[in-house]
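Subject: Structure handover

Hello,

Here is the structure you are taking over. Please look through it first; my notes on what was found follow below.

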Amino acid sequence: MKTREDNKVNGTLLAIHLIQSFIPSETTPKMAHQIGMELCKRILKEQYEFVLTTHIDKGHIHNHIIFNNVNMITGKCYWSNKRSYHQIRYQNDKLCE
């Protein structure tokens, strides 16, 4: 919230939530978490605050990535669209190869 306040950002969108899922027995929890961290580095470029959690409570390992909608360097909001979605998918697929 401080980043939003410091940059005088109004609006109702506070964060973006991504779910990164893996096929059962495709990876370990530790590796899934490492892949999630690398994805965050690639797509957020250390400009957005984020939380990454790795869950093993379902039949498959999955990550939840929640990141601040406001860039802590520029103060601008993240622009979520088809292009940003495809960029995230591309980076994810490259990491999982």
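Which side chain meets that of R42 in a salt bridge? It is the side chain of E38, with 3.3 Å from N to O. Before going further, please note that this is a predicted model.

Salt bridges

The structure holds two salt bridges. The one between R42 and E38 sits within helix α2, where the two residues are four apart and therefore separated by about one helical turn. R42 counts as partly exposed, at 32% relative accessibility. E38 is also partly exposed, and its relative accessible area is 29%.

K2 and D6 form a salt bridge as well, and their closest N and O atoms are 3.1 Å apart. These two residues belong to helix α1 and are four residues apart, so about one helical turn separates them. K2 is exposed, with a relative accessibility of 56%, whereas D6 is partly exposed at 47%.

The sheet

Three strands make up an open sheet in the order β1-β3-β2, and their pairing is antiparallel. β1 and β2 (50-55) are the edge strands, each of them pairing on one side only. On average, neighbouring strands of the sheet are turned by 15° against each other, if direction is ignored.

β1 and β3 run antiparallel and are joined by seven bridges. In this pairing, I19 stands opposite H64 of β3. Six bridges join β2 to β3, and these strands also run antiparallel. Here L52 has I65 of β3 opposite it.

How do the side chains along β1 divide between the two faces? They alternate: I16, L18 and Q20 point to one face and are buried.

Helix α2 lies across β1, β2 and β3, and runs at about 155° to β2.

The nonpolar core

The largest nonpolar core has 17 residues, and those touching the most other members are L18, I43, L44, I65, F67 and Y78. At least two residues of this core come from each of β1 (15-21), α2 (29-44), β3 and α3. The largest share belongs to α2, which supplies six residues.

L44 touches F50 and F67, when residues up to four places away in sequence are not counted.

The loop between β3 and α3

N71 is found between β3 (62-68) and α3 (82-96). Is N71 buried or exposed? With a relative accessible area of 4%, N71 falls under the 20% cut-off and is therefore buried.

The side chain of N71 makes a polar contact of 2.8 Å with the side chain of Q47. A polar atom of the N71 side chain also lies 2.7 Å from the backbone nitrogen of I73. Apart from its neighbours within four places in sequence, N71 is in contact with T3, N7, Q47, Y48 and K76.

I73 is found in the loop between β3 and α3. I73 is exposed, with a relative accessible area of 61%, whereas N71 is buried. Along the chain, I73 and N7 are 66 residues apart, and their C-alpha atoms are separated by 9.8 Å. N7 is one of the residues in contact with N71.

The loop between α1 and β1

G11 lies in the loop that runs between α1 (2-6) and β1. The relative accessible area of G11 is 53%, so this residue is exposed. How far apart are G11 and V70 in sequence and in space? They are 59 residues apart in sequence, and 11 Å apart in space from C-alpha to C-alpha.

That is the end of my notes.

Regards

Conventions: Residues are numbered from 1 along each chain as its sequence is written. This is a predicted model: local features need pLDDT of at least 70, side-chain atom pairs count only at pLDDT 80 or more; totals for chains, interfaces and linings use all residues. Side-chain values use heavy atoms; hydrogens and water are left out. Buried means under 20% relative accessible area, exposed over 50%, partly exposed in between (1.4 Å probe, protein chains only). A polar contact is a pair of N or O atoms within 3.5 Å; within protein, one must be able to donate a hydrogen and the other to accept it, and residues adjacent in sequence count only if both atoms are side-chain atoms. Contact means heavy atoms within 4.5 Å. A nonpolar core is a set of buried Ala, Val, Leu, Ile, Met, Phe, Trp, Tyr and Cys residues joined through side-chain atoms within 4.5 Å. Two strands pair if DSSP finds at least two bridges between them. Axes are lines fitted to C-alpha atoms, for helices over the stretch in contact, and angles run from 0 to 180 degrees between N-to-C directions. A salt bridge is a side-chain nitrogen of Lys or Arg within 4 Å of a carboxyl oxygen of Asp or Glu.
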